[in-house]
Amino acid sequence: MPSDAALRDWHILGAGAIGTLFAHRLANAGCRVVLLSRGDAEARRTLTLDSGGLTRQHTFPMSPPGDPTPIPRLLVSTKAAAVDPAIHSICHRLQAHSTVLVLANGMGFASDLPLGLTAFRGTTTDGAWRHPAGHTVQAGSGTTRIGLPGVAMAPPDWFRDSWGRLRDCQWDNAVETTLWRKLAINCVINPLTAAYRCRNGELASATYRPLLTTLCSEVSAACRAAGRDSVASSLREDVLAVIHSTAQNRSSMLQDVLGGRPTEIDFINGYLIGHPAVTGLELPLNRRLIRAITAGQQLEDTWP
Ligand SMILES: NC(=O)c1ccc[n+]([C@@H]2O[C@H](COP(=O)([O-])OP(=O)(O)OC[C@H]3O[C@@H](n4cnc5c(N)ncnc54)[C@H](OP(=O)(O)O)[C@@H]3O)[C@@H](O)[C@H]2O)c1
């Protein structure tokens, strides 16, 4: 049985915006955090976080790929496409009792872990972005939910001793439904804002109403086909709530498109249309948006 202190050891794979935010939050909660580097790196790295007008710095130990030390608890906070390759790169350091927690948006990754491990999943409405000068800016405080998809269980000891100490971080017995709800909302807001280069709030305008209605209908139909009726029935309301509460925001997909980076579309709308229960549905607007975003094309015609 690991000691309480050992339950607070976390290795972080993907110290970008969200990884930096949680490295700071976990360290502030008394956890020992180690950053996993992709190549030969310095022995320690100082990460700077701007949050609520304050600048905080923490210096974390770094662990290079050749380090053979076992990893008891792993947080994966890369973009969706990097989750599987990143885990693969350190799989020799995982053990049968290691805990793997994936905090990336979308679905369709981390389903085939080594040693028969099952990934815990987290989803957060915290926001952070990487400043070109190298530091991370916390854009907003939200809620983080963590659980084991498909398994209703009491929070494990590691949750109680680390993540459970963070403000607004909850154990979620139905995290799979939570992930589907987030996926469905992202399937509507992310590709529309990215394809039409608009902020979230603009989707509520009359210009985008036909597109919003059509896309909500398609995504709801897909969710129903996948057995996610509760997600489907509240989707339009949920989408409008997020559009209003984040009206000034640029979605992460729009930021990726504007920054010339690959988007997470394959793990959001791509996951939805490729789901085995959904393949009989046409979902033409989803397909059109996926094509446009994959090609980096900006759409102008706002009729579905
Ligand atoms: N940012 C937010 O506000 C926010 C909010 C909610 C959810 N999310 C989700 O959280 C995930 C991460 O987003 P993010 O904004 O933090 O992205 P990000 O800033 O691009 O960070 C991803 C990090 O992963 C690193 N990485 C990629 N492959 C790796 C590997 N094999 N080994 C080690 N590190 C690796 C990247 O390194 P390089 O920089 O060297 O490429 C980068 O530092 C995404 O799924 C996103 O949708 C983000």
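Which residue has a backbone N or O atom that lies 2.8 Å from an oxygen atom of the ligand? The residue is Asn-105. The structure examined here is a predicted model, in which local features need pLDDT of at least 70 and side-chain atom pairs count only at pLDDT 80 or more, while totals for chains, interfaces and linings use all residues. Residues are numbered from 1 along each chain as its sequence is written, and side-chain values use heavy atoms, with hydrogens and water left out.

The side chain of Arg-38 places an N or O atom 2.8 Å from an oxygen atom of the ligand, and a polar backbone atom of Ala-17 is found 2.9 Å from a ligand oxygen. Such polar contacts are pairs of N or O atoms within 3.5 Å; within protein, one atom must be able to donate a hydrogen and the other to accept it, and residues adjacent in sequence count only if both atoms are side-chain atoms. On its own the ligand has 900 Å² of accessible area, and the protein covers 77% of it; accessible areas come from the Shrake-Rupley method with a 1.4 Å probe, and for residues only the protein chains shown count as cover.

The ligand is surrounded by 22 residues, the closest being Ile-18, Arg-38, Asn-105, Ala-128 and Glu-264; a residue is near a molecule or strand if one of its heavy atoms lies within 4 Å of it. Sorted by class, this shell holds ten nonpolar, seven polar and five charged residues (nonpolar: Ala, Val, Leu, Ile, Met, Phe, Trp, Tyr, Cys and Pro; charged: Asp, Glu, Lys and Arg; polar: the others, Gly among them). At least two shell residues come from each of helix H1 (17-28), helix H2 (80-89) and strand S8 (127-130), where helices (H or I, at least four residues) and strands (E, at least two) are DSSP runs numbered from the N terminus.

Attention now turns to charged pairs. With a salt bridge taken as a side-chain nitrogen of Lys or Arg within 4 Å of a carboxyl oxygen of Asp or Glu, the count comes to twelve. In one of them, Asp-172 and Arg-145 meet with 3.6 Å from N to O. Asp-172 lies in the loop between strand S11 (169-171) and helix H4 (175-196) and Arg-145 in strand S10 (residues 144-147), so the bridge ties together parts 27 residues apart in sequence. Asp-172 is buried at 6% relative accessible area, whereas Arg-145 is partly exposed at 33% (buried means under 20%, exposed over 50%, partly exposed in between, with a 1.4 Å probe and protein chains only).

Arg-160 forms salt bridges with Asp-157, at 3.3 Å between the closest N and O atoms, and with Asp-161, at 3.1 Å. Asp-161 is buried at 6%, while Arg-160 is partly exposed at 45%.

What about the rings? Rings of Phe, Tyr and Trp (its six-membered ring) pair if their centres lie within 6.5 Å, with planes under 30 degrees apart counted as stacked, over 60 as edge-to-face and the rest as tilted; eleven aromatic pairs result. Trp-158 and Phe-159 have ring centres 6.2 Å apart and planes at 75 degrees, so this pair is edge-to-face. Trp-158 also forms an edge-to-face pair with Trp-171, at 6.3 Å centre to centre and 75 degrees between the planes. Trp-158 lies in helix H3 and Trp-171 in strand S11, so parts 13 residues apart in sequence are tied together. Both Trp-158 and Trp-171 are buried.
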